[in-house]
Amino acid sequence: MKTTRRSFIRRVAICFALAVAPLLAKAQQVATAPRIGVLSPFAPSDAARWHEAFRQGLRELGWIEGKNIRIEYRYAEGPADLPALAAELVRLKVDVIVTSATGTLPAKEATRTIPIVMASNADPVVMGMVGSLARPGGNVTGLSQISSELAGKRLELLKEMVPNLFRVAVMWNPGGRGSTVNWQEMQPPARSLGLELHPLETRNPSDFDRAFADASRAHVGGLAIMPSPLFAGNLRRLADLAIKSRLPAIFNLREFVEAGGLVAYGPNRTDEFRRAATYVDKILKGARPGDLPVEQPTKFELVINLKTAKALGVTVPQSLLSRADELIQ
């Protein structure tokens with residue numbers, strides 16, 4: 001049967017339409033999918049593990065990035081960037097904003113209507129983010145690190161590791177509200193442990209060398225680093241400086257120990273980001289953030305770097321070795 005030019009073109013057009021239709025349908029589905037804004041005070045490389053855990057949590061609940069949900073990531077190069085980035089997400093009219101650490105307050109100041117889910121935040125009641133853990137009210141809910149309550153525990157662990165410890169340097173950032181709260185909350189447990197605290201006010205990375213020199217002059221026997229994006233974004237440098245200064249140091253993130261730090265104790269932040277997906281799921285299905293209670297951590301990690309302990313001449317007690325969740329050789 002003879003095929004005319006017109007019929008050939010018609011057949012090609014039909015085949016093309018059949019091939020393209022699913023792609024157009026998928027593109028339309030993505031374009032109309034709910035959009036999540038992720039506001040991070042950390043660099044992309046620092047937050048990669050946590051954000052992958054968040055995406056994994058979403059996948060477990062049926063939300064696939066690029067298929068039935070869209071995610072807008074915004075990473076701050078410094079605290080001053082956060083308000084502008086939060087405002088940008090608000091202008092994009094995202095359905096939910098996911099925050100961590102110092103990103104929550106700028107997000108709350110940028111919007112009173114878009115739901116905000118804290119993936120990992122210092123005490124949200126003390127910080128003024130929510131009315132109470134049980135009844136957050138407003139547009140903010142999520143997970144708390146209860147980090148201020150853990151400051152004393154870290155001092156206790158540091159003293160257990162260094163039995164003759166009596167003076168501890170505390171690195172904190174006066175420009176960060178969470179770090180300031182931790183510094184204040186650390187005073188009572190320090191007194192009960194018989195420890196003298198030596199403050200090291202550190203506002204930016206250029207202060208690190210000065211802070212460690214100050215610690216050496218003060219003849220401290222250990223270092224406690226307060227939770228702060230400033231410090232979380234410079235883990236390897238801080239670990240190296242602590243070893244160089246012969247200071248046993250403790251922080252709240254396991255990543256500090258992986259970077260060469262001595263010991264870390266705190267909530268499993270990866271698990272918190274994964275659990276944050278459940279809040280997003282509930283909100284996208286109609287729940288109001290103010291009605292969703294703030295969860296406290298359920299998993300805590302004690303991680304010790306034995307190679308660093310050896311380099312510092314620290315003998316880790318068996319009591320700590322047996323309680324550690326992970327020992328890095």
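Two strands are said to pair if DSSP finds at least two bridges between them. In this predicted model, five strands form an open sheet with parallel pairing, in the order β2-β1-β3-β4-β5. A further set of parallel pairings links β6 to β8 and β8 to β9.

**Strand β4 and its partners**

- Strand β3 (residues 96–100) pairs with β4 in the parallel sense, over four bridges.
- Within this pairing, S120 of β4 is the bridge partner of S100.
- Between β3 and β4 the chain passes through helix α4 (residues 104–110), and this β-α-β crossover is right-handed.
- Strand β5 (residues 140–144) also pairs with β4 in the parallel sense, again over four bridges.
- I116 has V140 in β5 as its bridge partner.
- Strand β4 covers residues 116–121, and six of its six residues are buried.

**The five-stranded sheet as a whole**

- The sheet is open, and its strand order is β2-β1-β3-β4-β5.
- β2 (70–75) and β5 are the edge strands; each has a single partner strand, so one side of each is left without a neighbour in the sheet.
- On average, neighbouring strands of this sheet are turned by 20 degrees against each other, direction ignored.
- Strand β1 (residues 35–40) and β2 are joined in the parallel sense over six bridges.
- In that pair, V38 stands opposite Y73 of β2.

**Helices on the sheet**

- Helix α2 (residues 44–60) packs on the sheet and touches β1, β2 and β3.
- The direction of α2 makes about 160 degrees with that of β2.
- Helix α3 (residues 82–91) lies across β1, β2 and β3 and runs at about 180 degrees to β1.

**Strand β8 and its partners**

- β6 and β8 run parallel and are joined by four bridges.
- The bridge partner of M171 in β8 is I225.
- Strand β9 (residues 249–251) pairs with β8 in the parallel sense over two bridges.

**Helix α7**

- Helix α7 spans residues 208–217, and its buried residues are F208, A211, F212, D214 and A215.
- Seen down the axis of α7, these buried residues fall within an arc of 155 degrees, so they line one face of the helix.
- The cover over the buried residues of α7 includes the strands β6 (167–172), β7 (196–201) and β8 (222–225).
- The helices α8 (229–232) and α9 (235–244) are also among what covers them.
- H219 follows α7 and has a positive phi, near 55 degrees.

**T308**

- T308 is found in helix α12 (residues 306–312).
- The relative accessible area of T308 is 5%, and buried means under 20%, so T308 counts as buried.
- Leaving aside neighbours within four places in sequence, T308 is in contact with I243, G260, G261 and L262.

Notes. Residues are numbered from 1 along each chain as its sequence is written. This is a predicted model: local features need pLDDT of at least 70, side-chain atom pairs count only at pLDDT 80 or more; totals for chains, interfaces and linings use all residues. Side-chain values use heavy atoms; hydrogens and water are left out. Buried means under 20% relative accessible area, exposed over 50%, partly exposed in between (1.4 Å probe, protein chains only). The arc is that of the directions from the helix axis to the C-beta atoms. Contact means heavy atoms within 4.5 Å. A crossover is right-handed if, with the strands pointing away from the viewer, the path from the first strand over the helix to the second runs clockwise. Axes are lines fitted to C-alpha atoms, for helices over the stretch in contact, and angles run from 0 to 180 degrees between N-to-C directions.
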